[in-house]
Amino acid sequence: TIRGKINSVTIDNCVKSGVIFENAVATCEIVNSKSVEVQVTGTVPSITVDTTSGLQLYLSEQSKAAEIVTSKSSDMNVVVAGPTADSDPVELPVPYQFSTKIVNGKIVTQPVDHGGF
């Protein structure tokens, strides 16, 4: 657990690890890791995930607006508070399979929808 305000936090080459932090001014980076859990209890403006498999990312109400940028990563879920104070948390899968087409001379990429989700 990291308490207080920090500039940034980097989780690099970790396996089956967990990190909890309050506030990050710049970013949280998760790199080259497997089966990690990261919880933000305060705020963070951006989260970067690169070459990571099996991420559970818990975002506080204050950090729900964070930009999450992913590359070469899979099996990621973002957990946020439910719609009401009495609701259970909501787990949202981050897409890692995409479909790319050329439309009117431009690249258009969208997450693949497997239906039922």
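Does Ser17 count as buried, partly exposed or exposed, and what is its relative accessibility? Ser17 counts as partly exposed, because its relative accessibility is 27%, and the cut-offs are under 20% relative accessible area for buried, over 50% for exposed and partly exposed in between, with a 1.4 Å probe and protein chains only.

Before going on, a word on what you're looking at. This is a predicted model, in which local features need pLDDT of at least 70 and side-chain atom pairs count only at pLDDT 80 or more, while totals for chains, interfaces and linings use all residues. Residues are numbered from 1 along each chain as its sequence is written, and side-chain values use heavy atoms, with hydrogens and water left out.

Let's start with the whole chain. It has zero helices and 10 strands; here helices are DSSP runs of H or I with at least four residues, strands are runs of E with at least two, and both are numbered from the N terminus. So the pattern along the sequence is simply β-β-β-β-β-β-β-β-β-β. Taken along the principal axes, the C-alpha atoms fill a box of roughly 50 × 35 × 25 Å. Of the 117 residues, 30% count as buried. The chain exposes about 7,600 Å², with carbon and sulfur atoms supplying 51% of that area (Shrake-Rupley method, 1.4 Å probe; for residues, only the protein chains shown count as cover).

Back to Ser17, which sits in strand 2 (residues 15-31). Setting aside its neighbours within four places in sequence, Ser17 is in contact with Ser35, Val36 and Glu37, where contact means heavy atoms within 4.5 Å. Val80 is 63 residues from Ser17 along the chain, and their C-alpha atoms are 20 Å apart. As for contacts across the chain, take those between residues at least 6 apart in sequence: 3% of them join residues at least 24 apart.

Now for the strand pairing, which requires DSSP to find at least two bridges between two strands. Strand 3 (residues 34-40) runs parallel to strand 5, joined by six bridges, and Val38 stands opposite Leu57 of strand 5. Strand 5 also pairs with strand 7 in the parallel sense, this time over five bridges. There, Leu55 has Met76 in strand 7 as its bridge partner.

Leu55, Leu57 and Met76 turn up again in the lining of the largest cavity, along with Val49, Ile68, Thr70, Asn77, Val78 and Val94. A cavity is a set of points, on a 1 Å grid over the protein atoms alone, where a 1.4 Å probe fits but cannot get out, and lining residues have an atom within 4 Å of a point.

By class, the lining has seven nonpolar, two polar and no charged residues (Ala, Val, Leu, Ile, Met, Phe, Trp, Tyr, Cys and Pro count as nonpolar, Asp, Glu, Lys and Arg as charged, and the others, Gly among them, as polar).

Finally, look at the hairpin of strand 9 and strand 10. Strand 9 (residues 98-103) pairs with strand 10 in the antiparallel sense over six bridges, and Phe98 stands opposite Pro111 of strand 10. Two residues lie between the strands, and Asn104 in this hairpin takes a positive phi near 50°.

Notes:
On a 1 Å grid over the protein atoms alone, a cavity is a set of points where a 1.4 Å probe fits but cannot get out, and a pocket is an open set with protein on both sides within 12 Å along at least five of seven lines; lining residues have an atom within 4 Å of a point.
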